[in-house]
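Reader: I would enjoy a close look at one part of this model, namely the charged side chains and the strands and loops around them. Please take me through it in one connected account.

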Amino acid sequence: YLGNEDITKMSEKVETLTDDQGTYKSVSTLTRRFDPKDDEKTLMCSITHKTLPTGANTSVPVRVMFKPIEKDTTTFYQIQLGSNYEVKFNFSSNPKPDDVMWKFGDNLENPEGSLVIPEARGRYRTYLEELGNNM
């Protein structure tokens with residue numbers, strides 16, 4: 001299981017008779033490419049056997065490393081000249097970014113300039129706000 005999702009169909013089970021007493025070795029191998037949405041879920045292997053009163057489980061937390069996920073661009077209208085305006089951009093990444101930089105201009109391919117944040121004159125400021133689940 002990955003979280004609540006049964007992913008057994010992605011695994012391969014091989015059972016081998018190990019002796020003439022009827023003892024078996026069972027190996028289950030899971031092959032999966034994890035996505036950012038899988039981050040902080042729990043991966044659990046559950047085993048049932050007729051000799052066990054209840055199933056046996058073992059689990060590990062999943063930590064997926066991923067670059068910042070780009071979100072759709074938003075256009076802001078009706079900004080008054082000389083007024084303060086707060087712009088928030090949400091993105092996810094793991095680990096969190098090392099630096100934040102704002103670029104301005106008509107398009108991002110040929111920006112007119114950039115502002116390293118925080119700006120020394122105190123005119124601009126930015127911060128990373130943790131929203132949980134690596135957002």
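Author: Let's begin with aspartate 35, which counts as partly exposed at 33% relative accessibility; on this scale buried is under 20% relative accessible area, exposed is over 50%, and partly exposed lies in between, for a 1.4 Å probe and protein chains only. Please keep in mind that this is a predicted model, in which local features need pLDDT of at least 70 and side-chain atom pairs count only at pLDDT 80 or more, while totals for chains, interfaces and linings use all residues. Residues are numbered from 1 along each chain as its sequence is written, and side-chain values use heavy atoms, with hydrogens and water left out.

Aspartate 35 has a salt-bridge partner in lysine 37, with 3.9 Å between the closest N and O atoms. The term salt bridge stands for a side-chain nitrogen of Lys or Arg within 4 Å of a carboxyl oxygen of Asp or Glu. Lysine 37 itself is exposed, at 54% relative accessible area, and its side chain also meets that of aspartate 38 in a salt bridge, 3.7 Å from N to O. Aspartate 38, in turn, is buried, with 0% relative accessibility.

Next comes glutamate 40, whose salt bridge with arginine 63 has its closest N and O atoms 3.3 Å apart. Glutamate 40 sits in the loop between E2 and E3, and arginine 63 in the loop between E4 and strand E5 (101-104), so this pair ties together parts 23 residues apart in sequence. Shared partners join Arg32, Asp35, Lys37, Asp38 and Lys41 into one network of salt bridges, and the whole structure holds seven salt bridges. Glutamate 40 has another feature to look at: its phi is positive, about 70°, although it is not a glycine. Its relative accessibility of 45% makes it partly exposed.

The strand labels deserve a word: helices (H or I, at least four residues) and strands (E, at least two) are DSSP runs, numbered from the N terminus. E1 and E2 pair in the antiparallel sense over seven bridges, where pairing requires that DSSP finds at least two bridges between two strands. Lysine 13 is placed opposite serine 28 in E2. Six residues lie between E1 and E2 in their hairpin, and glycine 22 in the turn has a positive phi of about 90°.

The loop between E4 and E5 also contains asparagine 94, which is buried at 6% relative accessible area. Its side chain reaches the backbone oxygen of valine 64 at 2.7 Å. From asparagine 94 to proline 95 the peptide bond is cis, with omega near 5°, and proline 95 is likewise placed in the loop between E4 and E5.

Finally, a look at the second largest pocket brings us back to the strands. Strand E1 (11-17), strand E2 (24-30), strand E3 (42-47) and strand E4 (56-61) each give at least two residues to its lining, with E2 providing the largest share, seven residues. Of the 24 lining residues, Lys13, Ser28, Cys45, Ser46 and Ile47 lie nearest the centre of the pocket.

Note on methods: On a 1 Å grid over the protein atoms alone, a cavity is a set of points where a 1.4 Å probe fits but cannot get out, and a pocket is an open set with protein on both sides within 12 Å along at least five of seven lines; lining residues have an atom within 4 Å of a point. A polar contact is a pair of N or O atoms within 3.5 Å; within protein, one must be able to donate a hydrogen and the other to accept it, and residues adjacent in sequence count only if both atoms are side-chain atoms.
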